[in-house]
Amino acid sequence: MSETTFTLEQVKEHQSKKDLWMIIHDKVYSISGFVDEHPGGEEVLMDVAGVDATEAFEDVGHSDEAREILAGLLVGNLKRSPSNKKPVASASKPATAQSSSTDAGVAIYAFFAVAAVGALVAYKLYA
Ligand code: HEM
């Protein structure tokens with residue numbers, strides 16, 4: 001399998017009808033030969049020339065046949081630079097939330113322990 005990768009900038013260089021690339025699900029497709037055959041017309045393909053067309057492609061609800069055609073047009077994978085990767089920070093958020101909820105749990109136990117000792121002392125003093 002070809003492991004060729006392209007950056008967003010490289011894909012952007014292929015925006016003409018005769019040299020047309022687009023990105024769908026982080027894969028790069030060269031669709032120049034298919035533009036005239038596209039049942040949805042050439043205009044919609046030109047609209048996403050050289051950019052990420054995942055949403056446009058999926059919104060239409062393309063058939064399995066369309067996906068097979070797509071597979072034959074593959075030229076490589078998209079190389080995401082660290083700046084346009086999906087945020088990694090979101091992955092660490094639940095962990096932070098979890099640990100703070102654990103802290104809250106410990107605080108509640110500590111509160112009841114102190115309250116129980118306080119109640120016992122008060123009982124011994126005033127009973
Ligand atoms: C290389 C990528 C694409 C391939 C291989 C492809 C292929 C096809 C095929 C085979 C059909 C016929 C219906 C079906 O089988 O689902 C179709 C219809 C259609 N496509 Fe695409 N398509 C591509 C990209 C796009 C994009 C980016 C758009 C943007 C909006 C689009 C819009 C449409 C529309 C609107 C139809 C419906 C046409 C109609 O029923 O009148 N397609 N496409």
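## A first look at the chain and its ligand

Read from the N terminus, the elements of the chain follow the order β-α-β-β-β-α-α-α-β-α. That gives five helices and five strands, where helices (H or I, at least four residues) and strands (E, at least two) are DSSP runs numbered from the N terminus. The model is a predicted one, in which local features need pLDDT of at least 70 and side-chain atom pairs count only at pLDDT 80 or more, while totals for chains, interfaces and linings use all residues. Residues are numbered from 1 along each chain as its sequence is written, and side-chain values use heavy atoms, with hydrogens and water left out.

**The chain as a whole**

Of the 127 residues in the chain, 21% are buried. Here buried means under 20% relative accessible area, exposed means over 50%, and partly exposed is in between, using a 1.4 Å probe and protein chains only. Among contacts in the chain with a separation of 6 or more, 68% come from residues 24 or more positions apart; a contact means heavy atoms within 4.5 Å.

Where does the ligand sit? It sits in the largest pocket. The elements that give two or more residues to the shell around it are helix 2 (42-47), helix 3 (54-60) and helix 4 (64-71). A pocket is found on a 1 Å grid over the protein atoms alone: whereas a cavity is a set of points where a 1.4 Å probe fits but cannot get out, a pocket is an open set with protein on both sides within 12 Å along at least five of seven lines, and lining residues have an atom within 4 Å of a point. A molecule sits in one of these if more than half of its atoms lie within 2 Å of its grid points.

There are 16 residues around the ligand, and Ile31, His38, Leu45, His62 and Ser63 come nearest. To be near, a residue needs one of its heavy atoms within 4 Å of the molecule or strand. By class, the shell holds twelve nonpolar, four polar and no charged residues. In this scheme Ala, Val, Leu, Ile, Met, Phe, Trp, Tyr, Cys and Pro count as nonpolar, Asp, Glu, Lys and Arg as charged, and the others, Gly among them, as polar.

Thr54 lies in helix 3. Is Thr54 buried or exposed? With a relative accessible area of 15%, Thr54 is buried. Apart from neighbours within four places in sequence, Thr54 is in contact with Ile23, Ile24 and His25. A polar atom of the Thr54 side chain is 2.9 Å from the backbone nitrogen of His25.

His25 itself belongs to the loop between strand 3 (19-24) and strand 4 (27-30), and Asp26 lies in that loop too. His25 is not a glycine, yet has a positive phi of about 50°. Asp26, also a residue other than glycine, has a positive phi near 65°. Both are partly exposed: His25 has 48% relative accessibility and Asp26 has 28%.

Glu9 is in helix 1 (residues 8-12) and is exposed, at 53% relative accessibility. Glu9 and Gly50 are 41 residues apart along the chain, with 8.7 Å between their C-alpha atoms.

Glu42 is part of helix 2 and counts as partly exposed, because its relative accessibility is 35%. Setting aside neighbours within four places in sequence, Glu42 is in contact with Lys17, Val35 and Asp36. From C-alpha to C-alpha, Glu42 and Lys79 are 27 Å apart in space, and they are 37 residues apart in sequence.

Lys18 is placed in the loop between strand 2 (15-16) and strand 3. Its relative accessibility of 80% makes Lys18 exposed. The C-alpha atoms of Lys18 and Glu65 are separated by 23 Å, with the two residues 47 apart along the chain.

Technical notes. Polar contact = N/O pair within 3.5 Å; in protein donor to acceptor, adjacent residues only side chain to side chain.
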